[in-house]
Amino acid sequence: MKLTAGGRRLAVAALVQSLGIGLFMASSMAYFTRQIDLSANQVASGLALAGIVALGVSLLGGVLADRYGARRVLAAVYLGRGVCCVAYVFVTGFWQFMAVTLCAVACDRAGPPVLQALVAVAVPERQERTRLLAVVNVVRNCGLGAGAMAAGGALAADTRAAYTLTLVAIGLAFLGGAVLVLRVPELAAPTAGAAPAKADPAGEHPPRRRALPDGRYLALTGLNFLLFFFDTMLLVAMPVWVLEHTDAPRVTVSVLFALNTALVVVLQIPVSKLATGPVRTTRMLTWTGAVLAVSSLCFAASGSAGGAPAVAWLATAVVTLSLAEVIANSAVWDLSIALAPEEQRGRYLSVFNLSVAGQRVLGPVMVTGLLLGSGALGWVVAAAVLVVAGGAAERVARAAGERMRAGVPVDA
């Protein structure tokens with residue numbers, strides 16, 4: 001697809017900073033445990049605690065984007081992440097690690113909704129916004145893979161100097177992303193179908209801004225928490241299920257991860273073109289729940305199969321899961337922007353992003369405590385919940401869209 005100049009800069013910025021993230025993800029654990037002498041449990045607990053605290057802190061990004069502009073805030077977020085990466089060079093103990101990690105994770109959580117807010121003001125046409133976010137997602141996945149491979153040099157050398165050089169390179173990658181973001185024009189085009197803010201009956205004051213989004217938007221956020229379960233299914237449930245509940249070879253885990261990455265890269269942009277108009281886009285939420293349910297049932301079937309049939313069921317599960325992922329991404333990228341009032345877009349998107357961040361914090365607990373402990377029955381129950389969540393999300397999103405098109409004020 002052809003991108004605007006601003007869209008190209010955002011895509012390149014995403015590629016550059018994802019290279020840095022890939023480098024960090026692949027090399028950071030070795031650096032923390034072998035050079036700073038932290039235990040694996042300390043690193044894991046530090047990351048978990050930082051993730052929980054950052055859930056609330058990340059809301060600040062949307063508030064600042066509404067006040068100062070998404071472009072400047074996103075550049076500041078990228079710069080903050082770069083500074084944190086360089087700061088790890090000077091970390092010598094657990095509490096220093098915790099302080100830097102909290103700042104880094106807060107910036108990481110704040111970034112996605114601010115990026116969406118910037119796309120909303122940089123790309124005038126609604127469908128092009130979704131396609132640009134699809135391109136950003138694809139180049140991000142490619143950058144993560146390339147960065148992870150590039151980290152092999154530091155891991156092979158396994159010296160303080162090699163890791164220091166890697167962390168500085170990551171910091172420079174984020175700095176490059178910040179510079180590119182600052183060159184993205186903000187066109188401030190109004191969201192299609194959104195009603196402008198109305199004055200009070202006396203015509204003197206605009207409506208008071210809500211501290212939280214309206215009820216329908218919050219309901220959609222909660223339902224997206226369930227639909228985003230594809231992330232936890234892939235990263236947590238799939239490897240544990242393969243290794244402990246099936247007869248599939250251990251290498252199957254790596255093959256399935258690679259299969260998911262390839263499918264997302266290939267399918268995300270074509271599927272994003274299906275998000276055309278409110279009816280079709282909201283219906284994609286029902287498709288997400290249904291396809292995730294099929295994936296869950298395939299996982300359940302793999303547990304009772306042996307050898308090649310188990311691998312076939314697992315492959316089918318990941319193919320359908322990947323399809324659900326690209327469908328969900330396309331739908332929620334469009335709807336989360338379109339259903340947010342223009343003057344409070346950053347705040348709304350930050351709240352919506354809690355469904356994603358919350359799934360990444362609470363999802364592993366749900367998987368290990370409820371789903372996997374129940375065996376195949378857990379997958380069947382998950383399938384039923386996902387079907388209901390998808391249908392409910394479509395109805396809520398459609399009602400919210402009709403309300404906006406009718407020009408009803410947000411706080412009415």
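At what angle do the axes of helix 10 (residues 229-245) and helix 11 (residues 252-272) cross?

## Helices 10 and 11

In this predicted model, the axes of helix 10 and helix 11 cross at roughly 150° and come within 10 Å. Anything over 145 degrees counts as roughly antiparallel, so that is how helix 10 and helix 11 run relative to each other. Their crossing is right-handed.

As for who meets whom, helix 10 brings Leu234, Leu235, Met238, Pro239, Val242 and Leu243, and helix 11 answers with Thr252, Val253, Leu256, Phe257 and Asn260.

## Two nonpolar cores

The largest nonpolar core has 91 residues, and the members touching the most others are Leu285, Phe299 and Trp379. Helix 13 (residues 308-338) supplies the largest share of this core, with 13 residues. There's also a second, separate core of 23 residues, with Phe32, Leu38, Val89 and Phe174 among them.

Take a look at Trp379: setting aside neighbours within four places in sequence, Trp379 contacts Met233, Ala237, Trp241, Ser296, Phe299, Ala300, Leu371 and Leu372.

## Thr166

Thr166 sits in helix 8 (residues 160-182). Its relative accessible area is 10%, so Thr166 counts as buried. Beyond neighbours within four places in sequence, Thr166 is in contact with Leu23, Ser27 and Ala154.

The chain's pLDDT averages 87, and 92% of the residues score at least 70. Residues 189-204 are another story: their pLDDT is below 50, though the stretch has 30 contacts in the model beyond near neighbours in sequence.

Terms used: Residues numbered from 1 in each chain as written. Predicted model: local features only at pLDDT ≥ 70, side-chain atom pairs only at ≥ 80, totals over all residues. Heavy atoms only, no water. Core = buried A, V, L, I, M, F, W, Y, C linked by side-chain atoms within 4.5 Å. Buried < 20%, exposed > 50% of the residue type's maximum accessible area, 1.4 Å probe, protein only. Helix = DSSP H or I, 4+ residues; strand = E, 2+ residues; numbered from the N terminus. Contact = heavy atoms within 4.5 Å. pLDDT = per-residue confidence, 0-100. Axes fitted to C-alpha atoms, helices over the stretch in contact; angles between N-to-C directions. Parallel < 35°, antiparallel > 145°, perpendicular 65-115°, else oblique. Left-handed = near helix turned anticlockwise from the far one by under 90°.
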